[in-house]
Amino acid sequence: MRIGILGSGLMGGKLGTLFARAGHEVVFSYARSTAKLARLANEAKRNARAGTPREAAEGADALLLSVHWSRIDDVLGQTGNLAGKVILTCSLPMNANNSGLVIAHTSSGAEALAKKIPKARVVCAFNTVPSEVLFGVFEARRKTAKPSLVYCGDDESGKKIAAGLIRDVGFDPVDAGPLRIARYTEPFALLVAQLAYEGEEGPELAYRFERF
């Protein structure tokens, strides 16, 4: 498949690299510099290149949205028409200083995103795992025991694409249900993120917690 990466930071950069190494065509976009995008494309080693958000969206079978919540409108404004596109979002709706969720309990960032692009097919995925463990999971993906990763959405064909990409990275995809389930997975993802960035054992602790 062709995968467009909208937001090539920690999560987008690592997942884009893994998607490319799994055999997909990847277009990295929306980073702090074009040099970083070129570096990511080079490090992915296979069918990867750098581009603009519009180029990432053109002809894409799926788009990974992995930008800070404050950048959502900016990146969406650069992609062009997203009608019918499968959007995998791993962006948590965090406030400016990343101290808490600005959307929670009665809605979620995934649901708010779906309202911004009502003709797109939004799936919430990959936001419940710390980015630090992704390469390790990918390298061990042929082992019998795989960690589970939940995803949710209202579009069944979009969810099938998400499940395939989750398997490509090395996880066992678990369908958690409709998109409104993101109201529960996003606070959980915030907890995992707090575990991941507290102390030297943080990422591994968060990974073990995710597996449990």
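**Exercise 1.** Work out how many disulfides the structure holds, and where the sulfur of Cys152 sits relative to the closest cysteine sulfur.

*Solution.* Start with the cut-off: a disulfide is a pair of cysteine sulfur atoms within 2.5 Å. By that test the structure holds zero disulfides. Next, take Cys90: its nearest cysteine sulfur belongs to Cys124, 8.5 Å away. Then try Cys152, whose sulfur is 4.5 Å from that of Cys124, its closest, so that's too far for a bond.

A note on ground rules: this is a predicted model, where local features need pLDDT of at least 70 and side-chain atom pairs count only at pLDDT 80 or more, while totals for chains, interfaces and linings use all residues. Residues are numbered from 1 along each chain as its sequence is written, and side-chain values use heavy atoms, with hydrogens and water left out.

**Exercise 2.** Decide whether Cys90 and Cys152 are buried or exposed.

*Solution.* Buried means under 20% relative accessible area, exposed over 50%, partly exposed in between (1.4 Å probe, protein chains only). Cys90 comes out at 11%, so it's buried. Cys152, at 1%, is buried too.

**Exercise 3.** Find what the side chain of Glu111 joins through a polar contact.

*Solution.* First, Glu111 counts as buried, at 13% relative accessibility. Now look for a polar contact (a pair of N or O atoms within 3.5 Å; within protein, one must be able to donate a hydrogen and the other to accept it, and residues adjacent in sequence count only if both atoms are side-chain atoms). There's one of 2.9 Å between the side chains of Glu111 and Arg183.
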